[in-house]
Amino acid sequence: VTLHKLCSYLLAFTGFLSILLPNELHPMMWLVVLGGIGFSWRFEPPRTLSKSYRLFWTQVTVFLVIGLIFVGVSGIFANPILIACYVLVVLQINKLFNRNSHRDYLQIYVLSFLMLTIGTILNTDIGYAFTFLLYVIFITWTLTLFHLRREIEGTFLMRHTEDLNEAQKVDVSQIL
């Protein structure tokens, strides 16, 4: 479970890296991204299932995305690609703090891929090849571990006792 989480975070960081390395975004975004990744590591499902927690993150995300759209429409930033980068950063940090199911992990992977795609527009030097290579390595490991975890969670593995009528559900963390 921890290895899957680590690979997912490395994949998300590689997506962030692809849009942060060209230095097109505000320099403060490095602190936002590193802080978001660092603090979100400890937020696991028992803590993230409360209604007030989800409401807080929904309100913050909607406020920031609407604000970024307003900034884009008002013409403060001439480049709409930069607005898309900021929106992706907000959405990805939200998802990192709200990892409750395998669907959330899939959304993290899609957002990191979108960041990598936008990174091709922003980054035209050889540094992008490094982030692309890291992304290919991390996506392979992450999707493999994701598939294993989902299959194990989907097949209700049971530990059978001598009495065939009694069975105990095996915890996924014990298997992995």
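Reader: What should I know about the model before reading any values?

Author: This is a predicted model, in which local features need pLDDT of at least 70 and side-chain atom pairs count only at pLDDT 80 or more, while totals for chains, interfaces and linings use all residues. Residues are numbered from 1 along each chain as its sequence is written, and side-chain values use heavy atoms, with hydrogens and water left out.

Reader: How are two packed helices described?

Author: Two packed helices are described by the angle between their axes and the distance between the axes. Helices are DSSP runs (H or I, at least four residues) numbered from the N terminus, and axes are lines fitted to C-alpha atoms over the stretch in contact, with angles from 0 to 180 degrees between N-to-C directions. Here H1 and H7 pack at an angle of about 150 degrees, their axes being 8 Å apart, which makes H1 roughly antiparallel to H7, a label for angles over 145 degrees.

Reader: What is the handedness of the crossing of H1 and H7, and which residues meet?

Author: The crossing of H1 and H7 is left-handed, the term for a near helix turned anticlockwise from the far one by less than a right angle. Contact means heavy atoms within 4.5 Å, and among the residues that meet are Leu3, Cys7 and Leu11 in H1 and Tyr128, Phe138 and Arg149 in H7. The residues of this contact divide into 13 nonpolar, six polar and one charged, where Ala, Val, Leu, Ile, Met, Phe, Trp, Tyr, Cys and Pro count as nonpolar, Asp, Glu, Lys and Arg as charged, and the others, Gly among them, as polar.

Reader: At what angle do H1 and H5 pack, and which residues meet?

Author: H1 and H5 (residues 80–97) pack at about 165 degrees with axes 11 Å apart, and that makes H1 roughly antiparallel to H5. In this contact Tyr9, Ala12, Phe16 and Ile19 in H1 meet Cys85, Val89, Gln92, Ile93 and Leu96 in H5, giving eight nonpolar, one polar and no charged residues.

Reader: How is the largest pocket lined?

Author: A pocket is found on a 1 Å grid over the protein atoms alone, as an open set of points where a 1.4 Å probe fits, with protein on both sides within 12 Å along at least five of seven lines, and lining residues have an atom within 4 Å of a point. The largest pocket holds about 170 Å³ of space, a volume being the space filled by probe spheres set on the points, which are joined across faces, edges and corners. Of its 14 lining residues, Asn100, Ser101, Tyr105, Arg149 and Glu153 are the closest to its centre. H1 (2–20), H6 (102–122) and H7 (127–154) each supply at least two residues of the lining, with the largest share, four residues, coming from H7.

Methods. Angles under 35 degrees count as roughly parallel, over 145 as roughly antiparallel, 65 to 115 as roughly perpendicular and the rest as oblique.
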